[in-house]
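Morning, everyone. Let's look at the rings first, then the packing around them.

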Amino acid sequence: MSLASLCRTHRISFESATTVKDTAGGTTREMYTAVIGLTNILCTIQNASGKEKYLFAQRNLWLDSIIYLPRNYQTSIESRFRIRELVNSRLFRILHYADEAGRDQLTKIYVQEMLK
């Protein structure tokens, strides 16, 4: 299996939060907009292994899934972004991301699925 074929099972977009006032000019709320250059990206979303979940649980972080992206997106990703899976509209919060195994081939993003 090639690396290119590994990243072709799902489509995601990264979203960034902005704070806006409500129509009465009072309380603020967050609106999410797509990040330019990080939309409709082919990737793979896999369930995290038991060992990976355990390692994150030691830091009080609840890991659900791992997202694999081609390496060329790593410099644009920020941990403050959230991820939207485009087909099922699942939302994910980024817990950590890194170059997969230091080989500069894939970007591996550890995520927690958010409730809608």
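The count comes to two aromatic pairs, taking Phe, Tyr and Trp (its six-membered ring) with ring centres within 6.5 Å. Helices (H or I, at least four residues) and strands (E, at least two) are DSSP runs, numbered from the N terminus.

A word on the source: this is a predicted model, where local features need pLDDT of at least 70, side-chain atom pairs count only at pLDDT 80 or more, and totals for chains, interfaces and linings use all residues. Residues are numbered from 1 along each chain as its sequence is written, and side-chain values use heavy atoms, with hydrogens and water left out.

Buried means under 20%, exposed over 50%, partly exposed in between (1.4 Å probe, protein chains only).

Now charges over rings: NZ of Lys or CZ of Arg within 6 Å of the ring centre and within 35 degrees of the ring normal. Arg59 lies over the face of Phe56, 5.0 Å from the ring centre. The charged end of Arg82 sits over Tyr32, 3.6 Å from the centre of that ring.

Last, Ser65, in strand S4, residues 65-70. Ser65 counts as buried because its relative accessibility is 3%. Its contacts (heavy atoms within 4.5 Å) include Phe92 and Tyr110, leaving out residues up to four places away in sequence.

Key:
Rings of Phe, Tyr and Trp (its six-membered ring) pair if their centres lie within 6.5 Å; planes under 30 degrees apart count as stacked, over 60 as edge-to-face and the rest as tilted.
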